[in-house]
Amino acid sequence: EKIEQALTAIFKDVPVLRIDRDSTQRVNSFANMVKQINQGHAAILVGTQMLAKGHDFHDVTLVGVVDADLALFSADFRATESLAQLITQVTGRAGRGKKAGEVLIQSEQPEHPFWQNLLQHGYESVADNLLSERIQMELPPHGFWAVWRAEAKEKDLAIELLQQVAGLLQQSNSSVLILGPVPALMEKRAGRYRAQLLMRSADRGALHQLIDQHIHSVTKLKLARKARWSIDIDPTELI
């Protein structure tokens with residue numbers, strides 16, 4: 001929204017259209033926006049990843065990616081993979097018709113190996129490097145994860161519950177590594193304090209066996225009735 005405001009102030013006579021989750025909540029709102037764009041009524045489009053995926057705007061000749069470095073330092077190990085995919089997708093939005101296209105990426109780390117590899121060798125090379133890193137670190141898909149999540153209105157209750165869960169899991173001799181519990185990166189959300197406990201193993205069967213062995217005991221914990229909790233197998237994010 002702030003980018004939209006800034007562009008509107010700079011280009012006072014140029015129509016600016018913002019496309020994100022908030023602006024497309026109403027029925028048919030997104031379809032109406034696409035129609036408006038294709039009719040040439042918007043000259044500057046500002047949006048989230050929604051703009052990058054699958055839309056054919058023939059008159060778009062310049063694409064800008066703002067503050068692209070955030071994913072390079074994310075706690076989510078999939079962040080650089082997602083960034084490479086996004087850049088590849090958004091590059092395809094510029095110059096889809098007969099007109100030539102140009103892509104500008106804002107970065108404070110232009111010499112970062114990720115950018116050099118992606119821009120010089122393309123997504124496939126980035127994917128190969130990321131896969132090698134995951135093999136070395138036993139990250140998915142070469143390792144298997146499960147995350148216990150808990151949240152409660154009281155500050156320490158979620159952590160205390162997961163500490164008891166960790167105690168139960170650690171009673172068994174297993175190849176599964178138990179990490180945590182720790183507060184979630186976004187510790188408080190919607191008035192609740194959040195925490196998580198990570199399980200990691202090279203053997204999916206051992207991971208599931210350990211969960212099955214103790215899940216019933218977890219349900220009997222007193223704190224389990226005072227906090228919301230869940231298990232996420234093969235989590236897609238750890239935020």
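Guide: A crossing is right-handed if the near helix is turned clockwise from the far one by less than a right angle, and left-handed if anticlockwise. The model here is predicted. In this model, α3 passes α4 in a right-handed crossing.

Visitor: At what angle do α3 and α4 pack, and how far apart are their axes?

Guide: The angle is about 35°, and the axes of α3 and α4 (residues 113–121) are 11 Å apart.

Visitor: Which residues of α3 and α4 meet?

Guide: From α3 come T80, L83, A84, I87 and T88, and from α4 come F114, W115 and L118. Sorted by class, this contact of α3 with α4 holds six nonpolar and two polar residues, and no charged ones.

Visitor: How does α3 pack with α5?

Guide: Helix α3 (residues 79–91) and helix α5 (residues 123–137) have axes 10 Å apart, at an angle of about 170°. Angles over 145 degrees count as roughly antiparallel, so α3 is roughly antiparallel to α5. On the α3 side the contact is made by T80, E81, A84, Q85 and T88, and on the α5 side by Y123, V126, L130 and R134. The classes in the contact of α3 with α5 are four nonpolar, three polar and two charged.

Visitor: What angle do α6 and α7 make?

Guide: Helix α6 (residues 157–169) and helix α7 (residues 204–219) cross at roughly 130°, and their axes come within 10 Å. That angle makes α6 oblique to α7. The crossing of α6 and α7 is right-handed. V165, L168 and L169 of α6 make the contact with L210, H214, S217 and V218 of α7. By class, the contact of α6 with α7 contains five nonpolar residues, two polar and no charged.

Visitor: What is the phi of D67, and where is D67 found?

Guide: D67 is not a glycine, yet its phi is positive, about 55°. D67 lies in the loop between β3 (62–65) and α3.

Visitor: Last, pockets. How is empty space located in a model?

Guide: A probe the size of a water molecule is rolled over the atoms, and this shows where empty space is left.

Visitor: How much space lies in the second largest pocket, and which residues line it?

Guide: The second largest pocket holds about 170 Å³ of space. Its lining is A75, V147, L179, G180, V182, L185, Q196, L197, L198 and L238. G180, one of these lining residues, is also a partner in the cis bond to P181.

Visitor: How does the lining of the second largest pocket divide by class?

Guide: Eight of its residues are nonpolar, two are polar and none is charged.

Note on methods. Residues are numbered from 1 along each chain as its sequence is written. This is a predicted model: local features need pLDDT of at least 70, side-chain atom pairs count only at pLDDT 80 or more; totals for chains, interfaces and linings use all residues. Side-chain values use heavy atoms; hydrogens and water are left out. On a 1 Å grid over the protein atoms alone, a cavity is a set of points where a 1.4 Å probe fits but cannot get out, and a pocket is an open set with protein on both sides within 12 Å along at least five of seven lines; lining residues have an atom within 4 Å of a point. Grid points are joined across faces, edges and corners, and a volume is the space filled by probe spheres set on the points. Ala, Val, Leu, Ile, Met, Phe, Trp, Tyr, Cys and Pro count as nonpolar, Asp, Glu, Lys and Arg as charged, and the others, Gly among them, as polar. Axes are lines fitted to C-alpha atoms, for helices over the stretch in contact, and angles run from 0 to 180 degrees between N-to-C directions. Helices (H or I, at least four residues) and strands (E, at least two) are DSSP runs, numbered from the N terminus. Angles under 35 degrees count as roughly parallel, over 145 as roughly antiparallel, 65 to 115 as roughly perpendicular and the rest as oblique. Contact means heavy atoms within 4.5 Å.
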